Amino acid sequence: AEDGIRDYKVTGVQTCALPIWALARVAGQDAAVQDLIYMASPLHDIGKIGVPDGILLKKGRLTEEEQIVMRRHVEYGAEMLSDHDAPVLRMARSIAQNHHEKWDGTGYPRGLQGEAIPIEARIVAICDVLDALTSVRPYKVAWPTPDAVRFLKDNAGLHFDPTLVEQFIGIQAEVADIRMRYADPVRGSVAQPDLQDLNDRR
């Protein structure tokens, strides 16, 4: 519930699935794969249900120990989605496990680099960060979309697949239209964190 203990945005059940679908399309994925990524992507952060609310909803900086607990959500998610034969759940497991890997190899949990990161996870990573930056969270206000897009550009080749970032920038008019038509209501105002704090919480 929106007013319950768990914020419906924090667990990732509501996500930018249509921009993900649009990026999968321009990235050259066939229609069946586009649909699988679209259907699976809302489960990318399902493992956060295993993270205590005191960490998920904390308004101050996470401690080093809390960051370690937060990062375990990818392992929890992959485990929850394992042992399923349905293609959409296999896709969801890949996304949940790998969407925090970074193009330069500095991500987690396995430190995968470049094209060793499954493309579905690279696609979701871009859209997930845009959504996180431009949404209200218990610990931050929403960024203006141009600032969030600039962050993607600045981190192309570091955090993100540079080719996918370029393709995503090329469909910003479509993405903006999607986000405007399906935007969540703005709820509340909280302190703006620094970028490291935001990254620690993802």
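The residues that line the second largest cavity divide into 6 nonpolar, 3 polar and 4 charged (nonpolar: Ala, Val, Leu, Ile, Met, Phe, Trp, Tyr, Cys and Pro; charged: Asp, Glu, Lys and Arg; polar: the others, Gly among them). This is a predicted model, in which local features need pLDDT of at least 70 and side-chain atom pairs count only at pLDDT 80 or more, while totals for chains, interfaces and linings use all residues. Residues are numbered from 1 along each chain as its sequence is written, and side-chain values use heavy atoms, with hydrogens and water left out.

Stay with the cavity. A cavity is a set of points, on a 1 Å grid over the protein atoms alone, where a 1.4 Å probe fits but cannot get out; lining residues have an atom within 4 Å of a point. The count comes to 2 cavities of 30 Å³ or more. Helices are DSSP runs (H or I, at least four residues), numbered from the N terminus.

Next, select Trp143, Phe151 and Phe160, which form one aromatic cluster. The structure holds 2 aromatic pairs; rings of Phe, Tyr and Trp (its six-membered ring) pair if their centres lie within 6.5 Å, and planes over 60 degrees apart count as edge-to-face. The rings of Trp143 and Phe151 have centres 6.3 Å apart and planes at 85 degrees, so this pair is edge-to-face. Phe151 and Phe160 are also edge-to-face, at 6.4 Å centre to centre and 75 degrees between the planes. Trp143 is buried at 17% relative accessible area (buried means under 20%, exposed over 50%, with a 1.4 Å probe and protein chains only). Phe151 and Phe160 are both buried.

Move to helix α5 (residues 73-80), where His73, Val74, Gly77 and Ala78 are buried. They cover an arc of only 135 degrees around the axis, which puts them on the same side of α5; the arc is that of the directions from the helix axis to the C-beta atoms. What covers them includes α4 (64-71) and α6 (87-98).

Two backbone stops remain. Asp83, in the loop between α5 and α6, has a positive phi near 60 degrees and is exposed at 78% relative accessibility. A cis peptide bond with omega of about 10 degrees joins Tyr108 and Pro109; Pro109 lies in the loop between α6 and α7.

Notes
Phe/Tyr/Trp six-rings, centres within 6.5 Å; stacked < 30°, edge-to-face > 60°. Contact = heavy atoms within 4.5 Å. 1 Å grid on protein atoms, 1.4 Å probe; cavity = no way out; pocket = protein on both sides within 12 Å on 5 of 7 lines; lining within 4 Å. Points joined across faces, edges and corners; volume = space filled by probe spheres on them.
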